[in-house]
Amino acid sequence: MKLLLTGSSGPKVAATVATHLAQFHAVFGVNNSSSPTTSMMADIARVWEWQPHLRDLNAVIHFAALLAPHRETHSAEDFRRTNVDATRYLLG
């Protein structure tokens, strides 16, 4: 299967999931920071920039999100763009 994993550089869950899934599937990881489990660095809320990589996907696993600790460094608009808009774009 070909899987899209958003938030693939996440410190625990996403990176662990990506590592395990890659043993059995083709995993394409997208995140705004680099990691061994990230295929492309991109803004998750700007899906149209990396949409060509969505072709022939079998599933999307959407981990990308801003969480409570990010309140100190991100605006309410950043939360909406990342947590709401990006999800809407992925579903559309």
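The points below comment on a predicted model, taking the overall fold before individual residues.

1. Basis of the note. Because the model is predicted, local features are considered only at pLDDT of at least 70 and side-chain atom pairs only at pLDDT 80 or more, whereas totals for chains, interfaces and linings use all residues. Residues are numbered from 1 along each chain as its sequence is written, and side-chain values use heavy atoms, with hydrogens and water left out.

2. Fold and overall dimensions. The protein has three helices and four strands, which follow one another from the N terminus in the order β-α-β-β-α-β-α; helices (H or I, at least four residues) and strands (E, at least two) are DSSP runs, numbered from the N terminus. The radius of gyration is 13 Å, close to the 12 Å that the globule rule gives for 92 residues, so the protein is as compact as a globular protein of that length; the radius is taken over C-alpha atoms, and the rule is 2.2 Å times the number of residues to the power 0.38. Along the principal axes, the C-alpha trace spans about 35 × 30 × 15 Å.

3. Buried residues make up 33% of the 92 residues, where buried means under 20% relative accessible area, exposed over 50%, and partly exposed in between (1.4 Å probe, protein chains only). Of the contacts (heavy atoms within 4.5 Å) between residues at least 6 apart in sequence, 53% join residues at least 24 apart. The accessible surface, from the Shrake-Rupley method with a 1.4 Å probe, comes to about 5800 Å², and 57% of this surface belongs to carbon and sulfur atoms.

4. The aromatic pair. A search of the whole structure finds one aromatic pair, formed by Trp48 and Tyr89 in an edge-to-face arrangement, with 5.6 Å centre to centre and 80° between the planes. Rings of Phe, Tyr and Trp (its six-membered ring) pair if their centres lie within 6.5 Å, and planes under 30 degrees apart count as stacked, over 60 as edge-to-face and the rest as tilted. The pair links distant parts of the chain, since Trp48 lies in helix α2 and Tyr89 in helix α3 (residues 76-91), 41 residues apart. Trp48 is partly exposed at 46% relative accessible area, and Tyr89 is partly exposed at 33%.

5. The loop between β1 and α1. Ser9 is placed in this loop and is buried, with a relative accessible area of 17%. Beyond its neighbours within four places in sequence, Ser9 is in contact with Asn31, Ser33, Ser34, Ser35, Thr37 and Thr38. Pro11 is found in the loop between β1 (2-6) and α1 (13-21) as well, but counts as exposed at 83% relative accessibility.

6. The loop between β2 and β3. Thr38 has its place in the loop between β2 (26-31) and β3 (40-41) and counts as buried at 15% relative accessibility. Not counting residues up to four places away in sequence, Thr38 touches Ser8, Ser9, Gly29, Val30, Asn31 and Ser33. The C-alpha atoms of Thr38 and Gly10 are separated by 9.6 Å, although these residues are 28 apart along the chain.

7. A backbone point to inspect. Asp56 is not a glycine, yet has a positive phi of about 60°. Asp56 is found in the loop between α2 (47-50) and β4 (59-62), and at 69% relative accessibility counts as exposed.
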